[in-house]
Amino acid sequence: VGAGTVEFLLDANGDFYFMEMNTRLQVEHPVTEMITGFDLVEWQIRIARGEKLPKSQDELKINGHAIEVRVYAEDSLNGFVPDIGTLHKYIRPTGPGIRVDDAFEEGMAIPIYYDPMLAKLVVWGPDRDNCISNTIKAIDAYQISGVNTTLDFGKFVLQHPAFRSGDFDTNFIKNYLPNPALLHQELK
């Protein structure tokens, strides 16, 4: 009857623990759209108009892998504090399997009054390894100047052996980036 987001944690033994159910789409919904090929926002509007969902759960199939990188105007070398300024250059990556959800253009100001998210970069690949490689290429193709962004941190995470192996937890920054100043050294 509707769309929602279920959040859970996975422990070291592979056991799932339910956290919450949100009866709305979350910021991560483009990942689901990329691997299913369905527009969940359209489905939500249809439901609001009283229509039925176009597919049942057993009709849904997953194709490939998708990763979302949130691009924030934040200084990853300075504790991820928000950065303000003008987008002197803002060129998005493009190509097959790349989606950028944003509302900014070159020349726009990034104020301190709002959430500093510039965009959601969502990348698809036929499997996890390809998706990671495609996402790194998309990050490298992004061109942003005028504000610091978290793209360098996203690339650091994607290249890290713990992320690539899937053997990490919610302490990733504490465990693998205790000194953010090392970020650029790690990426060289």
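## A partly exposed methionine

A residue counts as buried when its relative accessible area is under 20% and as exposed when that value is over 50%, with partly exposed in between. Met-21 comes out at 43% relative accessibility, so it counts as partly exposed. Keep in mind that you're looking at a predicted model.

Where does Met-21 lie? You'll find Met-21 in strand E2.

## The hairpin and its greasy face

Strand E2 teams up with strand E1: the two run antiparallel, and 6 bridges join them. One of the pairs to look for is Leu-9 with its bridge partner in E2, Tyr-17. Together E1 and E2 form a hairpin, with 5 residues between the two strands. In the turn sits Gly-14, which has a positive phi of about 85°.

Met-21 also belongs to a nonpolar surface patch of about 670 Å², along with Val-6, Phe-8, Leu-10, Phe-16 and Phe-18. Strand E1 (5-10) and strand E2 (16-22) are the elements that give two or more residues to that patch.

## Inside the core

Now for the interior. In soluble globular proteins, nonpolar side chains tend to be buried together. Here, the largest nonpolar core has 30 residues. Those with the most contacts inside this core are Val-71, Leu-87, Leu-118, Leu-121, Tyr-142, Ile-144 and Leu-158. As for elements, E3, E10, helix H3 (128-141), H4 and helix H5 (161-165) each give the core two or more residues.

Leu-87 is a handy place to start looking around. Setting aside its neighbours within four places in sequence, Leu-87 is in contact with residues including Phe-104, Met-108, Ile-110, Leu-118, Ile-144 and Val-147. Glu-105, Glu-106, Gly-107 and Ser-145 are also among its contacts.

## Two covered elements

Strand E3, residues 65-72, is mostly covered, with 6 of its 8 residues buried. E3 pairs with strand E10 (residues 117-125) in the antiparallel sense, over 8 bridges.

Why is helix H4 (residues 151-159) described as largely enclosed by the rest of the structure? Because 8 of its 9 residues are buried. These are Leu-151, Asp-152, Phe-153, Gly-154, Lys-155, Phe-156, Val-157 and Leu-158. Leu-158 has already turned up among the residues with the most contacts inside the core.

One last stop is Phe-80, in the loop between strand E4 (74-75) and strand E5 (81-82). Phe-80 isn't a glycine, yet its phi is positive, at about 60°.

Key:
Residues numbered from 1 in each chain as written. Predicted model: local features only at pLDDT ≥ 70, side-chain atom pairs only at ≥ 80, totals over all residues. Heavy atoms only, no water. Helix = DSSP H or I, 4+ residues; strand = E, 2+ residues; numbered from the N terminus. Buried < 20%, exposed > 50% of the residue type's maximum accessible area, 1.4 Å probe, protein only. Pairing = 2+ DSSP bridges. Patch = residues over 30% accessible without salt bridge, like charges linked within 9 Å, V, L, I, M, F, W, Y side chains within 5 Å. Areas by Shrake-Rupley, 256 points an atom, 1.4 Å probe, with all protein chains shown as cover. Salt bridge = Lys/Arg side-chain N within 4 Å of Asp/Glu carboxyl O. Core = buried A, V, L, I, M, F, W, Y, C linked by side-chain atoms within 4.5 Å. Contact = heavy atoms within 4.5 Å.
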